Amino acid sequence: MSANFSNGSLQFPSIPTTHIKFTQISSFNYNFHPESPHKKHTIICGSTIRPKRSSKSDENAEAQELVRTLLRNFNYDKPLLSTLNKYVKLVRTEHCFLLFEELGKADKWLQCLEVFRWMQKQRWYVADNGVYSKLISVMGKKGQTRMAMWLFSEMRNSGCRPDTSVYNSLITAHLHSKDKSKALSKALGYFEKMKVTERCKPSIVTYNILLRASAQAKNVAQVEALFKDLEESICTPDIYTFNGVMDAYGKNGMVGEMEGVLARMKSNQVKPDIITYNLLIDSYGRKQEFEKMEQVFKSLLRSKERPTVSTFNSMITNYGKARLRDKAEAVFQKITDMGYTPNFITYECMITMYGCCDCVSKARGIYDNMIETEKHLKVSTLNAMLNVYCLNGLPIEADKLFETACNSGMFRIDSSTYKLLYKSYTKANMTELIQKLLKHMDRDGIVPNKRFFLEALGALGSSRADQDAITAKVNSNMPVDMTKV
């Protein structure tokens with residue numbers, strides 16, 4: 001289904017009240033009309049209201065402080081278990097929950113299992129669905145699907161009965177695996193099982209997870225089937241339902257399908273939020289449908305929602321890819337005119353935009369200014385400038401900047417920088433720079449894995465000699481631990 005913009009813009013005008021009704025669904029012109037319900041006046045006696053004690057927030061703060069203390073004490077000299085034993089009188093389930101979260105963020109999923117095993121040995125431990133659900137979620141995010149399934153089995157063996165939350169975590173864990181088609185099939189199998197299992201009926205969260213995954217897989221038929229199933233269930237779609245599907249379709253370039261979901265959202269009388277506006281602006285920008293993108297932006301300005309810096313960053317990026325420098329610069333100016341402060345991503349977007357528009361010196365000017373002011377110094381900023389040089393066929397300049405950055409010590413250079421330069425140097429067939437880069441990698445302890453070199457092979461042309469050289473490098477440098485890059 002395609003949007004009809006012929007008679008005006010996609011409008012979400014501002015409204016004075018939260019009571020809203022949508023106009024007919026024949027077009028995408030959102031015209032909201034406030035209803036006029038009878039006002040109800042509630043009189044509250046002030047003397048009867050007593051402020052609630054903030055004991056819960058105090059407890060949360062204390063728990064977080066203890067977890068920070070534990071994390072600070074984790075090192076090679078003081079292993080995890082010895083640290084936990086030191087604080088055994090203080091640590092309880094809520095602290096372990098927070099530990100799972102923090103260790104998961106740091107890619108230390110094995111230590112999560114150590115904490116779990118330690119918990120099970122404590123007298124206060126009681127097998128709980130929440131603990132298993134959290135661990136399954138952490139394992140899924142780290143791509144450890146088998147471990148997530150083992151935990152699910154372990155949970156059942158411990159006497160816990162699965163509930164909706166546990167199944168949602170298990171479904172999400174499968175959807176993080178590399179084989180997306182197989183993962184979606186497995187997730188849908190769990191979904192059907194949930195329907196007939198007591199205490200496990202699908203919630204709106206379940207539907208939201210599966211709808212987004214189906215849209216990401218470009219499986220329109222499955223999306224429609226899930227929406228139909230949702231309509232027949234007791235669950236009610238919410239803003240996350242529609243935003244998730246529209247975002248997935250938009251990132252896949254499926255604008256027509258995205259607009260179809262937008263119409264469905266309108267028919268369900270779900271009010272758009274800033275995320276809705278941002279994903280529409282980004283999706284139209286990716287497809288270079290700038291007239292629609294600009295109409296949505298105007299509608300945003302007329303609505304009660306306010307743009308975010310991400311709104312402007314998206315527009316700058318997409319104008320840049322289309323080499324529309326003047327429009328991108330106008331958006332950047334609008335940021336300050338409207339009272340916003342550009343963030344480091346904004347400057348990176350401007351650097352990339354100038355690179356796409358063959359304005360290397362302007363990109364370098366922004367980069368140098370950031371270095372001089374020592375603001376927003378991120379390795380992603382360095383990568384943005386290096387990429388500008390690479391896009392414009394200037395590998396020597398990229399190498400000089402890389403050397404300067406290494407010597408200055410201002411950036412914590414990681415594998416992302418090496419991957420960017422390696423691909424660029426192989427495309428340019430700069431053998432000397434490749435060898436120089438490999439020495440830097442050895443010095444910094446960056447061990448290239450198979451994926452690193454396969455990407456380099458893809459960057460190279462069909463030169464058999466070059467491919468043989470890279471393949472030999474793969475075999476000679478392949479580490480046992482494949483997780484470092």
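User: Leaving aside neighbours within four places in sequence, which residues is F100 in contact with?

Analyst: In this predicted model, F100 is in contact with C112, V115, F116, M119, V131, K134, L135 and V138. F100 is also named, with I351, M385 and L421, among the members of the largest nonpolar core that touch the most other members. That core has 128 residues.

User: Why is T164 called buried?

Analyst: Buried means under 20% relative accessible area. T164 has 15% relative accessibility, so T164 counts as buried. T164 is found in helix α7, residues 164–175, and its contacts beyond four places in sequence include M194, R199 and C200.

User: What makes D229 and K195 a salt bridge?

Analyst: The rule asks for a side-chain nitrogen of Lys or Arg within 4 Å of a carboxyl oxygen of Asp or Glu. For D229 and K195 the N to O distance is 2.5 Å, so the pair meets the rule. D229 lies in helix α10 and K195 in helix α8, 34 residues apart.

User: What does the salt bridge between D399 and K436 tie together?

Analyst: The closest N and O atoms of D399 and K436 are 3.0 Å apart. D399 lies in helix α20 and K436 in helix α22, so the pair ties together parts that are 37 residues apart in sequence. D399 is buried, at 10%, whereas K436 is partly exposed, at 32%.

Definitions and conventions:
Residues are numbered from 1 along each chain as its sequence is written. This is a predicted model: local features need pLDDT of at least 70, side-chain atom pairs count only at pLDDT 80 or more; totals for chains, interfaces and linings use all residues. Side-chain values use heavy atoms; hydrogens and water are left out. A nonpolar core is a set of buried Ala, Val, Leu, Ile, Met, Phe, Trp, Tyr and Cys residues joined through side-chain atoms within 4.5 Å. Buried means under 20% relative accessible area, exposed over 50%, partly exposed in between (1.4 Å probe, protein chains only). Contact means heavy atoms within 4.5 Å. Helices (H or I, at least four residues) and strands (E, at least two) are DSSP runs, numbered from the N terminus.
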